[in-house]
Amino acid sequence: MVLKIESPSSACSRRGFLKTAGVVSAATLTPWSMPARQALAKSPNERKRFALIGVGGNGTRTSPVGKQFADLVALCDVDQRHLDRGNGLLCEGKADLTSDYRDIISRDDIDFVQISTPDHWHAKILIEAMLAGKDAYCEKPLTLTIDEGKLVRKIQQQTGRVVQVGTQQRSSFDKFNRALAIISEGRIGKLKRLVVGIDAGGWSPEIALADVPKELDWDRWLGPTPEMAYRYQKDARRDDKNYTNGHTHFRWWYEHSGGKLTDWGAHHVDIAMLGIAAAGQNNDPVSVDGTAEHDVEFRDGMPLQDNRYNTARAFDLNVAFADGDVVMNIRHDVDNGILFEGEHGRIFVNRGRLVGKPVEDLENDPLPEDAVAKIYRGMPMEGNDRPAHWANFMHAIENRSQPISDVHSHMKMLNVCHLAGICCRLGRRIQWDQASESVIGDELAASMMKRDYRAGYEIQL
């Protein structure tokens, strides 16, 4: 498939806007930096106890924040190297260690779990944890398929468990929530176009077969996904770089993930769709169309080569919504972040900056004091970014309420990312009916809403 590149004139004009637009001044920002005092002030006997399932890179990055609010008492991973390193790094060597998550969710003395496994394990562990009576903080993307999301939501409603998805941008008060408040207050008018930049996907050469490390249970690492041989090789030019179908690089294989579309897409498409809703416009998706490039050939949506990364590396996709008055462009070749274009102006936001004339105008015409609080649904605003996200999770557990990044609103957004992936794999327009949550008019595309689980790794209901 050939990638359609944006015209140079429009690309340059957008880059020029980002370079010349002023960064919001300190005078216009509220410093959301107070600690989560209520959670931190609890006595040891009152603090919750939790376990980390998946002790790789993201697990060890995220769980130290969780430790501010609860006691980390157990670690689970199928790689003994991760367990040993995580135990020393996170728990002073005192954690209970296991390679089987079922040992964790069966324990009565663990209140909730943090799920930081590769994407293909998320739904199975989360569903079984909820059925075992556990609340959960689960990293994004919540699911590997659309149908997994339907089951996750059904089980959450059935059990009433609290699940916070790790899309911490929803708890960024000075950047993303402030951007949504600007939109909600009508400062850029009716939205016309959104550009979601999520960077290019991963590339690899042909990756050689390799012996599985003795510390890694490769069969259990694969879990529900198809059986495949382990591949690993070093980059001949860089000692610090490798290629594999295992740790870290799993996101570049459709067998395990959805590439950039469910990686950064799960963050930025999320904020983009919240922006449409904040503007009072309909964010029900109706279709995804566009072009993409893969490094392997596809037939009927399936890669024909099994020895190199197969998720989309380049893409230019358009998402249409029910009212037809706004379009979302998801692409790899623009600044990482979200550009909101409205009738009266435009703003750009990412994790490093919030810029645009409507932002500059806040210095003389500030937002109402409660504008950001309204975006956060009136819930306590403690800290900022990931600490605030964890504080919100703990608040939801204590009050048995929906957290800011609940599974239901997350899946509406993530379905767009999944549909975009199907569009890339089939190379054609995908039509969606939001009411029935189904692909329409395309039997093959509809069949890609679900995946078979490998024998022995089915979800246990």
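Predicted model: local features only at pLDDT ≥ 70, side-chain atom pairs only at ≥ 80, totals over all residues.

Mentor: Residues are numbered from 1 along each chain as its sequence is written, and side-chain values use heavy atoms, with hydrogens and water left out.

Trainee: How many helices and strands are there in the protein?
Mentor: Helices (H or I, at least four residues) and strands (E, at least two) are DSSP runs, numbered from the N terminus. Here you'll find 15 helices and 19 strands.

Trainee: What radius of gyration does the protein have?
Mentor: The radius is taken over C-alpha atoms, and the globule rule is 2.2 Å times the number of residues to the power 0.38. For 461 residues a compact globule would come out near 23 Å, and the protein has 22 Å, which agrees. Its C-alpha atoms fill a box of roughly 60 × 60 × 50 Å along the principal axes.

Trainee: What share of the residues is buried?
Mentor: Buried means under 20% relative accessible area, exposed over 50%, and partly exposed in between (1.4 Å probe, protein chains only). In this protein, buried residues make up 57% of the 461.

Trainee: And what share of the contacts comes from residues 24 or more positions apart?
Mentor: A contact means heavy atoms within 4.5 Å. Taking contacts with a separation of 6 or more, 72% are between residues 24 or more positions apart.

Trainee: How do I read a pair of aromatic rings?
Mentor: You describe such a pair by the distance of the centres and the angle of the planes. Rings of Phe, Tyr and Trp (its six-membered ring) pair if their centres lie within 6.5 Å; planes under 30 degrees apart count as stacked, over 60 as edge-to-face and the rest as tilted. A search of the whole structure finds 16 aromatic pairs. Take Trp-203 and Tyr-243: their ring centres are 6.2 Å apart and their planes stand at 85°, so the pair is edge-to-face. This pair links distant parts of the chain, 40 residues apart, with Trp-203 in the loop between strand E7 (191-197) and helix H9 (218-222) and Tyr-243 in strand E9 (residues 238-244).

Trainee: Are Trp-203 and Tyr-243 buried or partly exposed?
Mentor: Trp-203 counts as partly exposed at 38% relative accessibility, whereas Tyr-243 counts as buried at 3%. Now look at Trp-390 and Phe-393, whose ring centres are 5.7 Å apart with planes at 75°, so that pair is edge-to-face. Both lie in helix H13 (residues 385-399), three residues apart, about one turn of the helix. Trp-390 is buried at 0% relative accessibility, and Phe-393 is buried with 0% as well. Together with Phe-50, Phe-112 and Tyr-137, Trp-390 and Phe-393 form one aromatic cluster.

Trainee: Which residues does Thr-262 touch?
Mentor: Thr-262 sits in the loop between E9 and helix H10 (265-278) and is buried, with a relative accessible area of 3%. Leaving out residues up to four places away in sequence, Thr-262 touches Asp-119, Lys-140, Pro-141, Ser-257, Leu-414, Cys-417 and His-418.

Trainee: Where is Val-163 found?
Mentor: Val-163 is in strand E6 (residues 163-165) and is buried at 2%. Not counting residues up to four places away in sequence, its contacts include Leu-126, Met-130, Pro-403 and Val-407.

Trainee: What should I look for in the backbone?
Mentor: Most residues other than glycine have a negative phi, and most peptide bonds are trans. In this model, the peptide bond from Lys-140 to Pro-141 is cis, with omega near -15°. Pro-141 belongs to the loop between strand E5 (135-138) and helix H7 (146-159).

Trainee: What is phi of Arg-400 near?
Mentor: Phi of Arg-400 is near 50°, a positive value in a residue other than glycine. Arg-400 lies in the loop between H13 and helix H14 (407-426) and counts as partly exposed at 43%. Glu-437 has a positive phi of about 50° too, although it is not a glycine. You'll find Glu-437 in the loop between strand E18 (430-433) and strand E19 (438-440), and at 14% relative accessibility Glu-437 counts as buried.
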